[in-house]
Amino acid sequence: MKKIKLILNFMKGSRSLYVFSIAAIGFATFIRFIWPMILRVTVDSIIGDNPLQVQGWFAPAFESIFLFLGGKSILAQSLWMCSLILILLTLSRGIFLFFKGKWSAVASESIVQNIRDRLYDHLQYLPFEYHVKAKTGDLIQRCTSDLETIRRFLAIQLVEVGRALFMLVFALSFMLPMNVKMTLISLSLVPLIFAFAVLFFIKVKIAFKESDESEGRLSTVLQENLTGVRVVRAFARQKFEIDKFDGKNIEYRDKTYHLIRLLAWYWSVSDFFSLMQIGAVVILGTYWAAKGIISLGTLMAFSSYVGMLLWPIRQMGRVLTDMGKAQVSVERIQEILDEPIEDLDEGSSLNKINGEIEFNNVSFQYEEGKPILKNVSFKAEKGQTIAILGPTGSGKTTLINLLPRLYDYQGGSITIDGKDIKSICKKSLRRNIGIVLQEPFLFSRTIKENIGLAKKKANDDDVFQAAQIASIHDVIIDFEQGYKTAVGERGVTLSGGQKQRVAIARTIINGNPILIFDDSLSAVDTETDAAIRKKLKMRREKVTTFIISHRLSTLAEADQILVLENGELVQKGTHLQLIEQEGLYKRIWAIQTSLEEELALEQEDIETGIDNNEKKKIV
Amino acid sequence: MDIFKEQEYNKRFDISLWKKLLQFCKPYKSRLVILGFFMIGLAGVDVIFPLMSKYAVDNFVIPGKTDGIVLFGLIYFLLIAVQAANIFFFIDIAGKIEMYLTYDIRKKGFQHLQELSFNYYDKTPVGWLMARMTSDSQRLGSFISWGIVDLVWGFSLMILISITMLILNWKLALVTLTVVPVLVVLSLYFQKKILKAYRKVRKTNSKITGSFNEGIAGAKTTKTLVREAENLREFQVNTSEMYRSSVKAAIFSSLYLPVVLTLGSIGTGLALWFGGEGVMMQAISYGTLVAFISYTVQFFEPLRELARVFAELQNSQASAERIFSMIDEKPQITDNSEVTQKYGDILRSKEENWPKINGNISFEEVTFGYKDGEKVLKNFNLDIKAGETIALVGETGSGKSTIVNLACRFYEPTKGKIKIDGEDYRSRSMLWLHSNLGYVLQTPHLFSGSIKENIAYGRLDATDKEIIVAAKLVNAHEFITKMEKGYDSEVGEGGAKLSTGQKQLISFARAILADPRIFILDEATSSVDTETEQLIQEAIHTVLENRTSFIIAHRLSTIRSADRILVIQKGKITEQGDHHELLKQKGYYYRLYTNQFMEEQEEMLLNA
C-alpha cells in the first residue's frame, strides 16, 4: 500500500491526464467492440435476410440508427453506407488511440521530468558529508535505470492494464447478450492462457537475470582488457586474453540462447492455446450456425472478439511481472529523496565581510565518542595568512571545512567579524569564502567556462586575470584551442597540477575576502607555488587566507602557523617562534639542515672550506 | 556544449559494406535458408486460416449441413499444431543465428583489438571501443536474424494474401488492394520519422546521464562554489529537451497507428461494399466475403514490420560501418611474414625457435614522433649493458615514457634502429620481446579474479608454491595471508577491493614471477602509507637485481640506487651519471634532488 502511495505521490499534477488517457483507451476499446457488431448486422440483416437482432444495452441505439438510415431496403441498395460507418468508426477509434498515446506520453514524461529535476536538485542540496560517503555508481544507477523502469511503468504498463480490464468488461457485455454458450466457449481457455503467461514470466526471471549477469561479466572482461592493454601486451598475454574473452562470449551466447529458447517455448505453447481457443469458436460456432442456432454474423462477431481478447491477456503476464520492478525502483529513488537536505538560506546574510576570524574552543566529531577536533582556539586578523600543518588525520581538513559550514561544529564558537557563523546563512557564507578542495573537480565543459563558473556574468578579462594569478594562463593558451579547450571526459586530460591551478583560478575569480587552500598546491612545483602566493598577495584587497601545506617555504612565510596533532592545536606562532620550540615544525625545519649537510658531504671531495652557514640561509 | 555531439551517419545503402557482412553470415547459410522456409510456412498457414473460415461458411453454415465437420475440425487442429511448431522453430533458429552471429563478430573484433597497436588505443577512447563491441555487434546480430524473419514473413504473407485474393475474386481483389501503395508509402515515412525521433531521445538521455554523473561527482565542488541553483537551471534545459523529444517521438508513433488503421479500414470497407453487393447478386459466396474481410485486416501487420525493418536498415548500417572501421584498421606495428614464419604469431607462437635473450639494448640514431611531423626524439643514441639499471628523470613530456615505449616496441622508431643483443628487434617477433619483459605501471592494473590468478598472470603455468615465493619476495605474502580467503581472495573489478599500495605489491609479484630479462618500472607518484612505501621500496630492489631495467623514477631512494641516471629534457639526454656524479654537476638533477628531498622527508614525518 505504501508503495502505491509513493507512486501516486510522484504522479501528482498529472493524475487527471492519466484519467483522460485511460478514458480514451476505454472509448477506443469500446469502438473496437462495436465494429464486429456492424459487420454482423450488415452480413445478417442487410446482405442476408435475417430480421435485425441486436441484444444488450446498446440495442435500442443500434435499431434506431438502422431505421434512420432507411432499414434493410435502403441500406441493401447502398452498402457503401455500412462501409463508411466502419471507416468512420475506425477513424474515431484512431483519434482516441492518438490521444491516449499523446496524453500518456505527456503525463509520464512530465512526471519523469519532475522526478529527475527533483532528484538532481535534492542531490545538490544534500549535505557535504553525504557526498563524502556516497557511492557514485549506485546513485547514478538509481537516477537513470531505476527512473527508466518507472517511466516504462507509467508510459506503457499502467495504460496496458487499463486496456486489458476494459477488454474483459466489454467482452462480457457484448458477448453475453448475444449468446451465453458461445461466450463460455470463447472464454474457456482464457484463464489458462493468462495463468500460463504469469507463471512463465515469473519462472523465466532467473533466465533473464542470468543472461544479464553474463553480459555484465563479458563487458567487465572487455573493459579490463582495453584499459589494461599495456599490461596485456607487456606480458604477451594476447592469446590468454582471447581465450578468456571467448569463454565469457560463449557463456553469454549460450545463456541468452537458452533464454530465447524458453521464449520460443512460451510463444509456441501460448499461441497453440490461443489458436485452439479461436479454433473452438470457429468449429463449434460453425456447427451451431449450420444447425441454425446462431447466425453467420454472430459467428463472425465471436471470431473477431476472441482474436481481440487474446493478445492483451498474454501481454498481462509480462506487464504484471514487470510491475514488481517498478515498485523496487520507486523505493530506491524515494530513499534518496528521504535524505534530509541542508537549508542554504536559513540565517542572516552578510553584506561586507572584513575577514576577522576567531575560533573559540571549537570541538567537532562525526561520530559520538570519536572527536576530530578538540577545543581549538585561535584568532586570524584581517588579511593574515594562516598556515596549517599536521600529520595525516590530525583534523586539518575538518578544521577549514567548518568555516564555510560544510560541517557544523558541536562545541565552542566560530565568529567572522564577531558574528557567530551559525547565525549566518550558508549561501552568503560560502559566497564570501573561497575554498579550493584537496581533489578539485572540473566540469566537462571548456576551461573558460570552468573558471567563470562561480561568477555571474564573468567576462573574458575576469577569466584571464584569474588564470594569470593562478599561473595557468600560459599553459592554457598553449593548448590548441586555448580557453575553449574542453576538459573532463571528452576533452583533454589535465595533469594534477594543472587541475589544481584551474580550480584556484575558479575560486579566486570572485575576489572573496576569505580564501582557503586545502593542500591545493601539492601537485604544483615549488617555484610555481611561490609565484601564485606572491601574485595573490599583490592584489589590492586584503584577503584572510588559510593554507594547508607541508612545504617549508609556504609555512615560513605565513603570519601564523597552526600545528595540529590528533585534533588538538598543539602549537601556534610564527616561523621564528616555532623553530625555537620542540615540535613538528622544528622537526621539519631540521630536514632542511640534514639535506644541507648531506649535500655538503658530497661537495667536500672537490671543494673544501666552503662556508656551510652561508648555505643555510637558502630556504 | 557540443562535447557530447556524436557522429551522424546519413548515407545511402552501401553494398560493399553488406557484402562484408555476408562473410559473417556464411557459416549460417543453411540455417538462414531453413529459417526462410519456416517463415514462408508461417505465412502460408496464416493465409490458410481465413480459407478455412470460407470453407466452413460455404459448406456448413450456408447450406446448413454438418457432414464432415469432424474431419474439418481435425484439419483445423492439425494446422494449429503446425503453426505452433513453426513458431517454436522460427524463434529458436533466429535466436540461435542472432547469438552466434553476435558471438562471431565479437570474437573477431576482440582478436583484432589484441593485434592493434598502441597508436590506435591512444586515439580511440575505451568507451567508443566498448560500444562497438557490445551494442553495435548486438544490433547487427539481431538485425540480420530478426530482420530476415520479418522480411521473409512480411513479403511472403503479403504476396500470398494478394495471390489468394486474386484467385478468389480478382475484381474484388483489385478494388481492395488499391489502398496498399498508400499504406506502403505512409508506413515507410512514419517508421523513419519514429526511429529518428527515438534516436534523438536516446542521445538526450545519455546527456542527462552525463549531467547526473557530474552533478553527483562534483557535488562537493558545487557546494563550495554555491552553484546549486545554476546547476539545476542548466540541468533543466536538458530535461526539458528530453521531455520535448520524448513526447514528440511518442506523438509520431501514436499518429502512425490511427493513420494506418483508418487506411486499412478503407480496404475492409471496400471489401464489404463490393463484396456484399456481389453476395446479394450471388456472384460471390458468403465465405469469400468473410475471407476478404479477414485478409484486409491481416494485411496491415506485415506491412508495419517491413517498414520497421527498412527504417532500421540505416541504423544497422551505421553499426556495421563503425564495427568494420575497427576491424579493418591495420595494426601499425607487426612482425613481417619472415619473422612470423620463424617465430610464430600471437595465436601460435613457436617458442622453440626463440633465441635466448641477454638484455643488451642500444638505441642507434633513433628518431620518433607520435604524430606526423612531430619529433619527440631526434637522432637519439643510448647504450645499455645487460643487467644495468637506468633511471630516467625529467619533466612530464620530456620523452622519458617515449624511450620506454620504444624499448618495449610498443612503438617503433620512424628512423634509426633499436637493437637487442646486437640484433635489430624488428627481426625478432614482438611476442618474444614481450615475453621477456616485466612491466610495472604507475597506476597498477589488476584483472577481476583472485589474487592468485592475478600473480599467475606473469607466468600462467606457475605452481602455487612459485606464486607464494614471488609474493614473499616482494613482501606481499603477509597482507595476502591476512585476508579472509588468502590467495583466493577476489580483488574486485580492476582490483577495487585492494588499496593502491596492495595493488602495487601484487603487480610486482606478477612481474617477478615472469622472471623477465628486461624490466620496466614506471614508479608511482601518489603516496601510500609509510609502511607500505617501505615494502614497495624493498620490492623494487629485489625485482631489479640482475635485470636490464628502465625506471621512470620519482622516489629518491630508487633514483639513487640506479647504476646510471639520465636526465631527459626535450628528447635529449642533458645529464648522465650516477647520483654522486650528477650532484656535483649542480644542474637539473641537483635542483630536483634538493626539492624532492624536502618533500619526501616532510611527507614521511607527517604520514608517520
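This is a predicted model: local features need pLDDT of at least 70, side-chain atom pairs count only at pLDDT 80 or more; totals for chains, interfaces and linings use all residues.
1. The assignment for chain B gives domain 1 (18–327) and domain 2 (448–515). Taken over C-alpha atoms, the centres of domain 1 of chain B and domain 2 of chain B are separated by 51 Å.

2. Chain A is divided into domain 1 (1–178), domain 2 (180–293), domain 3 (357–581) and domain 4 (590–619). For domain 2 of chain A and domain 3 of chain A, the centres, again over C-alpha atoms, lie 58 Å apart.

3. Now to where the chains meet. The contact draws 119 residues from chain A and 121 residues from chain B. Which helix gives the most to the side of chain A that touches chain B? That is helix H12 (residues 238–290) of chain A, with 29 residues. Sorted by class, this side of chain A has 66 nonpolar, 30 polar and 23 charged residues.

4. H12(A) also deserves a look for its packing within chain A. Helix H8 (residues 180–187) of chain A packs against H12(A) at an angle of about 155°, and their axes are 8 Å apart. Angles over 145 degrees count as roughly antiparallel, so that is how H8(A) and H12(A) run relative to each other. The crossing of H8(A) past H12(A) is right-handed.

5. Two backbone angles in chain B are worth checking. Most residues other than glycine have a negative phi. Gln282(B), however, has a positive phi near 60°. Gln282(B) sits in the loop between helix H9 (228–280) and helix H10 (286–298) of chain B. Is Gln282(B) buried or exposed? Gln282(B) counts as exposed because it has 7 C-beta neighbours inside 10 Å, and the cut-off for exposed is 12 or fewer.

6. Lys586(B) lies in the loop between helix H21 (579–585) and helix H22 (588–607) of chain B. With 11 other C-beta atoms within 10 Å, Lys586(B) is exposed.

7. Finally, a residue in a helix: Arg560(B) belongs to helix H20 (residues 556–560) of chain B. Arg560(B) has 15 other C-beta atoms within 10 Å and is therefore partly exposed. Arg560(B) and Gly577(B) are 17 residues apart along the chain, and their C-alpha atoms are separated by 11 Å.

Conventions. Residues are numbered from 1 along each chain as its sequence is written. Chains are lettered from A and ligands numbered from 1 in the order in which they are written. Two residues are in contact if their C-beta atoms, placed from the backbone, lie within 7 Å. Helices (H or I, at least four residues) and strands (E, at least two) are DSSP runs, numbered from the N terminus. Ala, Val, Leu, Ile, Met, Phe, Trp, Tyr, Cys and Pro count as nonpolar, Asp, Glu, Lys and Arg as charged, and the others, Gly among them, as polar. Domain bounds come from an automatic or database domain assignment. A residue is buried if 20 or more other C-beta atoms lie within 10 Å of its own, exposed if 12 or fewer, and partly exposed in between; C-beta atoms are placed from the backbone. Axes are lines fitted to C-alpha atoms, for helices over the stretch in contact, and angles run from 0 to 180 degrees between N-to-C directions. Angles under 35 degrees count as roughly parallel, over 145 as roughly antiparallel, 65 to 115 as roughly perpendicular and the rest as oblique. A crossing is left-handed if the near helix is turned anticlockwise from the far one by less than a right angle, and right-handed if clockwise.
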